[in-house]
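Morning, everyone. I'd like to walk you through one model, starting with a pair of packed helices. Have a look at it first.

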Amino acid sequence: MRGGRSASFLLDGLTGVLLFLLLFPVIWIFLGSIKPDPDIMAANPWPTRVTFENYIAVFNKEGFLVALRNSLIVGLSSAIITTALAAPAAYSLSRFDYRGKAAVNLLILGTQTLPVVAVLVPIVVIVRNLGLTNTLTALIFTHLALGLPIAVWVLKGYIDAIPRDLEEAALVDGCGRFEVMVRVMLPLLKPALVAVGTFAFVLSWGEYLLALSLVSKSDVRTLPLALQTLFDPYQFSWGTVMAGGVVIALPAVLLFLVFRKQLVGGLLAGAVKG
Amino acid sequence: MVRTLTLTERAGNPSPARLLAERILPYGMVAPAVVVAAAIAVVPLLYQIWLSFQDWYLLRQPTPAFGGLINFVALFNDGALWSAVLRTWIWTIGTVFVEIAIAVPVALLLNRETAMARTASALILVPWVTPFIVVGFGWRFLLDSDVGAVHFLLETLGIAGTNSVLTDPAGALAAVTFISGWKGAPFMVIALLAALKSIPDELYEAAEADGAGPFARFRHITVPSVWNTVVVVGLVLGILAFYSFDLVWIMTKGGPQDATTIIGISIYKAVFLDLRPAYAAAISVVMLVGLLVASLLVLQLRRV
């Protein structure tokens, strides 16, 4: 804002140092994943040579590929269902006035603020009573709670910003309500739909507690659970665990950063409304 | 361009059927999301209340039977649980404190229009979006007594002995609390940044013209403008911290001894290790009520 060039330069330098310190653990995880084991044992900060053997080791571990497949199935399914549920709900909350709307808003806000631990016990018991323990179905369904509220907020914000004239013009032209939504709204909403779907995927991808509580068999494990099993007491390697960590973290981080602009506003709105 | 479409049906007098459809439509569109939200949030909450009044201990009473206040009586006499509650408050307040302590200077630095500030505003989010399982194992790596970079630093500084801080009860709680705050801080940063950007420059210019120094401007303009954001976002982050599980379970499993057993860990252990689901439900019910009261108190800190 104000201040001379040199002051700005100094503050940029300070920002860089702070950013490095805050990201240091993440950088260290990445470096650990590309270091040969002797470098890790000697605690060398910088790898003597860059190696991919840790990544090869991870993908050769029994069950890692199965877990990768499971995580993709659960993540993509819950992302698609979340988006399909959130889009009409957001449209309804944005465009119509009706009795009970306040209650719906409250329910969605409440779902967002409710931490998983607070309802873990009944969810575990209900899933067991339904005979869905150790199924991907149970994970897909419970993971909907992670992204659905935020998806509704973000999409509602988007729809609020689209002028009603567009739809009214189409209505006057004789299009049905449904046609208006599909032909007019859907194309405009596409970027936002992709953003909230991606976010739902990212949340499901890294989810740990529900997976830990609902899954005990190796063929339905998701990636976070598979990473845990890499702590093999017999042939344990930090490099392998860090490589597994990078495989899990990288898609989540990249996808979030790509859609950051669309998501951050909705996340803040959700927090501040509470 | 929409108007150039050929008109197949001019909107005339709407038929009663069409009017009815128009009235039902909003409900129909919101219903699927409401049903799912209710199934994942409301039904479990109600079921949890019912469960908390059951006598259900898989080793002695394998099917639930009505037990009245049995779980609540047991809960109030459970010394280890109340230690965990106290620890959870220390952990929660510690986490939010670390989040604010990191976020305030970072947000002030990022509230500038330079390329560095813009890049950093994006990259700062990385710890926050990195899954707990990765962060937890990463920090175990950093704090490992044989190979950990941060462990060596702590050892040199005399904070840690030859063993990792994670093996020391007080050290472990301090370490996981700090890591929890470090991971949550970026959310506070982006919230603060949004609040800072909404302060009009004219306010600062006017204050400067009146002879206010940088500290006075911070104290009388910046702090009041972002105060409510800090309180509300701090509350949201506090609720999240209160119900934490992942980081602690991944890093210490609640140990050494019970040193990092916070409520989330107690609830998980009550279900899966002690096999007492009804007792765990009672803990959850009491914690939800306690947290609701605490949240209402925190909201009183807002300035109207």
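Axes are lines fitted to C-alpha atoms, for helices over the stretch in contact, and angles run from 0 to 180 degrees between N-to-C directions. The helices themselves are DSSP runs of H or I, at least four residues, strands are E runs of at least two, and both are numbered from the N terminus.

Before I go on, the ground rules. This is a predicted model: local features need pLDDT of at least 70, side-chain atom pairs count only at pLDDT 80 or more, and totals for chains, interfaces and linings use all residues. Residues are numbered from 1 along each chain as its sequence is written, chains are lettered from A and ligands numbered from 1 in the order written, and side-chain values use heavy atoms, leaving out hydrogens and water.

Back to the pair. Who makes the contact, with heavy atoms within 4.5 Å? From α6(A), Leu120(A), Val121(A), Val124(A) and Arg128(A); from α12(B), Ile267(B), Tyr268(B), Val271(B) and Phe272(B). By class, seven are nonpolar, none polar and one charged. Nonpolar means Ala, Val, Leu, Ile, Met, Phe, Trp, Tyr, Cys and Pro; charged means Asp, Glu, Lys and Arg; the others, Gly among them, are polar.

Next pair across the chains. α4(A), residues 64–95, and α1(B), residues 16–52, pack at about 130° with axes 8 Å apart. That makes α4(A) oblique to α1(B). The crossing of α4(A) and α1(B) is left-handed. The α4(A) side includes Leu85(A), Pro88(A) and Tyr91(A), and the α1(B) side includes Pro26(B), Met29(B) and Val36(B). The tally is 11 nonpolar, one polar and no charged.

Now the whole interface. 85 residues of chain A touch 89 of chain B. About 8,100 Å² is buried between the chains, 80% of it on carbon and sulfur atoms. Buried area is the accessible area (1.4 Å probe) that two parts lose on being put together, summed over both. Leu22(A), Val121(A) and Asp173(A) supply 8% of what chain A buries against chain B, more than any other three residues.

How many salt bridges cross the interface of chain A and chain B? One, by the rule of a Lys or Arg side-chain nitrogen within 4 Å of an Asp or Glu carboxyl oxygen. Arg112(B) and Asp12(A) pair at 2.9 Å, N to O. Over all chains, the count is nine.

Another bridge sits inside chain A: Arg95(A) to Glu167(A), 2.8 Å. Arg95(A) is in α4, Glu167(A) in α8 (residues 165–172), 72 residues apart.

Gly255(B) and Pro256(B) are joined by a cis peptide bond, omega about -5°. Pro256(B) is in the loop between α11 and α12 of chain B. Asn134(A) has a positive phi of about 60° and is not a glycine.

Technical notes: Contact = heavy atoms within 4.5 Å. Parallel < 35°, antiparallel > 145°, perpendicular 65-115°, else oblique. Left-handed = near helix turned anticlockwise from the far one by under 90°.
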